[in-house]
Amino acid sequence: MNSDLYSLIQQLPKVDLHVHLDGSIKPETVLDLANQQGMDLPAITSSGLLPYLQVTDNCKGLNDYLSKFQLGASLLQTEAALERVAFETIEQASEHNCRYIEVRFGPQLHRQRGLGLEQVIQAVINGLQKGEKAFGIKAQAIVCCLRHQPASVNLKVVEAAAMFLGKGVAAVDLAGDEAGFPAFLFRKVFALAEKKGLPITIHAGEAAGPENIREAVSRLGAGRIGHGISLKQDPVLLQEICTNKIPLEMCPISNIQTKAADSWQEYPIREYFEQGLTVTVNTDNLTVSNTDLTKEYMMLAEKLDFTITEIVQLIRNGVEAAFLDMAEKNLLKHQFVNLPSPQR
Ligand SMILES: O=c1[nH]cnc2c1ncn2[C@@H]1O[C@H](CO)[C@@H](O)[C@H]1O
Ligand SMILES: [Zn+2]
């Protein structure tokens, strides 16, 4: 590995628009929480826990990837645990000079011990706000609807998210098993989100074709798309997304692990970038994917020859795509004015 390049990338100010709380619990924190909660674990060291929390290169696909969330979620059932893990997500981001982050989670997954949706959301926001103060990072939450859950549950999630709009929640999302539950099933849910004025991002084109991306932007009101890997299969749609400046939240390391792309050579980020799409680079899941922002950009440099100038452009795209109003975005932009842009 080129360590000069690594430290240059690490030092660049960055943003992360797509990171899941429940996929980013530090293994040591899993041990600690299990200890506090009297819960049995399948291993007693943090390295022993990794196979239960993290995928390897042998990950078979998105559903295999999603199986790594069970253990962590079982420990995120109290306000204290949620607040701690939200805080630690900001702490981990700060180690890579992240200046703005949107952390997402499905509040309905954290009710096993009786918490209400609003209590879960408030606990996460509390942790994010503590992290903002401690590390000088601006943080917001994104609330996820889940594909395998009934509309009745997702509608309640949207209602709860709307109560926190402008008070820590930036947007709503749709996550989970894309191949099993296509986007058109969620029209009622996202009609409510639109009615409530919630910005919308949808995981689409990760484990299924471009029809889910089309549905997301044309029927569900998505202002951003999570991943969008299969967009290249529909050049007309690609042009529409480009013209309408709808950002793609790409997560390169996760996208290779879930087999959204079969190899780095087939990963479409460079062609999207060169065609003028608003491509952003994000982590998806710090623990499940064993990643961080520096690693993501390093892979783009090493596997796809992205230069520092190009990396800086990807970072600026992320700032542009943030779910912030004009005034807040302009404030954030101040932190990205004097970036080094030497050619490698
Ligand atoms: O890359 C992804 N694609 C689809 N769903 C995901 C991905 N990463 C995480 N989740 C899902 O989002 C839930 C809330 O955070 C997680 O529990 C997981 O099921
Ligand atoms: Zn995701």
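**View 1. Protein donors of the zinc ion (ligand 2) in a predicted model.** The donors are H18 (NE2), H20 (NE2), H203 (NE2) and D284 (OD), at 2.0 to 2.3 Å from the zinc ion. Donors are N, O and S atoms within 2.8 Å of the metal (3.2 Å for Na, K and Ca); water is not among the atoms, so sites may look incomplete. Along the chain, the donor spacing reads H-x1-H-x182-H-x80-D. The pair H18 and D284 links distant parts of the chain, 266 residues apart. H18 sits in strand β1 (residues 14-20), D284 in the loop between β8 (279-281) and α14 (293-304). Strands (E, at least two residues) and helices (H or I, at least four) are DSSP runs, numbered from the N terminus.

**View 2. Surroundings of H18.** H18 is buried, because its relative accessibility is 0% (buried means under 20% relative accessible area, exposed over 50%, partly exposed in between; 1.4 Å probe, protein chains only). Beyond neighbours within four places in sequence, its contacts (heavy atoms within 4.5 Å) include E102, R104, H203 and D284. D284 also counts as buried, at 2%.

**View 3. Surroundings of H203.** H203 lies in strand β5 (residues 201-204). H203 is buried, at 4% relative accessible area. Leaving out residues up to four places away in sequence, H203 touches H18, H20, R147 and D173, among others.

**Notes.** Residues are numbered from 1 along each chain as its sequence is written, and chains are lettered from A and ligands numbered from 1 in the order written. In this predicted model, local features need pLDDT of at least 70, side-chain atom pairs count only at pLDDT 80 or more, totals for chains, interfaces and linings use all residues, and side-chain values use heavy atoms, without hydrogens and water.
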